[in-house]
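Good morning, colleagues. Please keep the display in view as I speak.

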Amino acid sequence: MQLAGPTSKKSVLVTASDVLKTEGITGFYVGLSAALFRQATYTTCRLGSFNVIYDFYRSSYGTPGFGMKLVIGMASGGIGAFVGTPAEVALIRMTADGLLPPEQRRNYRHTFDALIRIVHVEGVTTLWRGAGATVTRAMIVNGTQLGTYAQAHEALLPTLGDRFLLHFVAAMISGFVTAFASLPVDIVKTRVQNSPKPTNQIKELMVVIKYEGVTALWKGFIPTYAKIGPHTVLTFIFLEQLNALYFRV
């Protein structure tokens with residue numbers, strides 16, 4: 001939906017139906033290896049960075065306020081995004097292949113095939129194409145996701161207690177805010193990284209607004225929240241449980 005351009009008015013269901021029709025059920029999992037590699041680099045780095053910076057700040061200056069939580073989240077997101085940009089480029093290209101004519105498709109077999117061929121054909125710096133857009137998106141996503149989650153967790157703790165329901169509700173609040181705040185940057189980042197030639201965030205942003213309208217910046221909000229909502233819930237539930245297990249041991 002984000003790559004379809006100004007002429008496309010397809011809904012989530014129509015888009016999903018098209019993928020199923022043209023690529024089969026496996027079309028929904030194209031780029032899975034790149035998505036997993038991205039999680040193994042970007043997500044682990046951003047969550048680890050957040051905890052380290054948060055704990056350092058708390059031990060040095062006391063519990064951070066909401067504004068500082070956002071700043072810590074943005075910093076950790078930027079660090080993780082730079083580390084994870086090569087996986088992001090591979091993921092965007094693999095998932096966008098189905099939109100190209102057969103003769104123009106790259107047909108990467110898996111993540112490492114994509115990374116090796118990109119370096120061989122376009123040079124190693126292409127792995128960080130759109131790094132600025134990726135870092136910008138990550139700073140917004142993490143600032144809102146981690147900052148909002150930490151704040152919601154803190155605010156709801158006296159009411160709900162430190163249990164599963166607290167983590168679930170805080171994560172759903174965080175996921176909604178994150179989806180709304182990050183989608184415009186996500187669309188720009190996707191188009192920068194899928195571009196066959198070098199471009200930049202501002203240029204792509206102006207193109208979207210000029211030819212598709214401001215509301216196009218939130219194209220695909222429903223599938224984005226459908227992805228970010230459960231992802232946020234599961235991320236923080238696993239994180240909380242693994243942290244508890246680690247400190248118990």
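This is a predicted model: local features need pLDDT of at least 70, side-chain atom pairs count only at pLDDT 80 or more; totals for chains, interfaces and linings use all residues.

The structure holds 1 cavity of 30 Å³ or more. By cavity I mean, on a 1 Å grid over the protein atoms alone, a set of points where a 1.4 Å probe fits but cannot get out; a pocket is an open set with protein on both sides within 12 Å along at least five of seven lines, and lining residues have an atom within 4 Å of a point. Grid points are joined across faces, edges and corners, and a volume is the space filled by probe spheres set on the points.

Residues are numbered from 1 along each chain as its sequence is written, and side-chain values use heavy atoms, with hydrogens and water left out.

The largest cavity has a volume of about 50 Å³. Its lining includes Arg38, Tyr42, Glu88, Arg137 and Lys189. Helix H3 (66-96) is among the elements that supply at least two residues each, and H3 gives the largest share, 4 residues. Helices here are DSSP runs (H or I, at least four residues), numbered from the N terminus. By class, this lining has 3 nonpolar, 3 polar and 4 charged residues. Ala, Val, Leu, Ile, Met, Phe, Trp, Tyr, Cys and Pro count as nonpolar, Asp, Glu, Lys and Arg as charged, and the others, Gly among them, as polar.

Let us turn to the second largest pocket, where about 650 Å³ of space lies. Of its 21 lining residues, the closest to the centre are Asn51, Tyr54, Arg58, Glu240 and Asn243.

How many aromatic pairs does a search of the whole structure find? The search gives 11. Rings of Phe, Tyr and Trp (its six-membered ring) pair if their centres lie within 6.5 Å; planes under 30 degrees apart count as stacked, over 60 as edge-to-face and the rest as tilted. Tyr57 and Tyr61 form a tilted pair, 5.1 Å centre to centre with 45 degrees between the planes. Both lie in helix H2, 4 residues apart, about one turn of the helix. Finally, Phe176, Phe221 and Tyr225 form one aromatic cluster.
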